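The following paragraphs go through a protein model, taking its strands, helices and nonpolar cores in turn. Please keep the sequence and the structure in view while reading.

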Amino acid sequence: MPAMEHTQLAREVEAVQVPGGHVVTLEKGWDVVITQSLGGAFTVQVPAYGGLFRIAGKDADAIGKEPIAAAPAAPGGDLEQQVWDVLKTCYDPEIPVNIVDLGLVHDMRISPEGDGRRVDVKMTLTAAGCGIGTSSAADARLSLLGLPGVTDADVQIAWDPPWNPQMISAEGKERLGMA
C-alpha cells in the first residue's frame, strides 16, 4: 500500500463523512492526509475535523490531484449498465474492493420519475456492527445522482439476505487474495 500523503486543501470542498454518511464542507487551508484512492474517490483523514471523509474524484483538485471525470455513458445509453458501472466505483473505505464485487449490492431498480429516472439500490454490509454503512450508501447515492437522466437515487441498507464471503465476485476474491 502506498504511503499516506499529506496535503492542504486548496479550496473548500464537499465530502462524505466516514462512517456517518453526512455531507460536510471541508475548509480551504485545512491539513489532510490522503489514506486511500480507489474508484475515482479519495479517503482523507482531517485532523481539524476529527475523522475520515470521502472526496469525489471530480473535486480532486481540492487535494492537489487531477480531477477525475465521471465515467462516460455506456454505448446506446443503457442506464442499467451505467448504474452498475457507477456502483463499481464506490469502495468500502477500509477494504480495497468495490461494493458490487464485494457482494454488498443485492437489488437495483430503475423507475420513471418526472422528466428523469429514479434509481433504488439495496445493499447489505459485511457485518451488523460495520460502521461504514451510511457513508458507503451516501457515497453510492451521490455517484448515482451524477448520471445523466437520474433525477433521484436512494440507497438503503438491508440485512436480508445477510452477507457472506461467497457473495464476493471472482474479481473481488482475486483482489483480496482469496482466489
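Helices (H or I, at least four residues) and strands (E, at least two) are DSSP runs, numbered from the N terminus. This is a predicted model, in which local features need pLDDT of at least 70 and side-chain atom pairs count only at pLDDT 80 or more, while totals for chains, interfaces and linings use all residues. Residues are numbered from 1 along each chain as its sequence is written, and side-chain values use heavy atoms, with hydrogens and water left out.

Six strands form an open sheet in the order β1-β4-β5-β6-β2-β3, with antiparallel pairing; two strands pair if DSSP finds at least two bridges between them. β1 (5-8) and β3 (23-26) are the edge strands and have a single partner each, so one side of each is left without a neighbour in the sheet. From one strand to the next, the twist averages 45° (axes are lines fitted to C-alpha atoms, for helices over the stretch in contact, and angles run from 0 to 180 degrees between N-to-C directions). β1 is joined to the antiparallel strand β4 (residues 31-38) by 4 bridges, and Thr7 stands opposite Val32 in β4.

Helix α2 lies across β2 (13-18), β3 and β6 (51-56), and runs at about 145° to β2. Contact means heavy atoms within 4.5 Å.

A nonpolar core is a set of buried Ala, Val, Leu, Ile, Met, Phe, Trp, Tyr and Cys residues joined through side-chain atoms within 4.5 Å, where buried means under 20% relative accessible area (1.4 Å probe, protein chains only). The largest one has 28 residues, of which Val83, Leu87, Ile99, Val119, Val121 and Leu144 touch the most other members. Its largest share, 4 residues, comes from α1. Apart from it lies another core, of 15 residues, including Val13 and Phe53.

Technical notes. Buried < 20%, exposed > 50% of the residue type's maximum accessible area, 1.4 Å probe, protein only.
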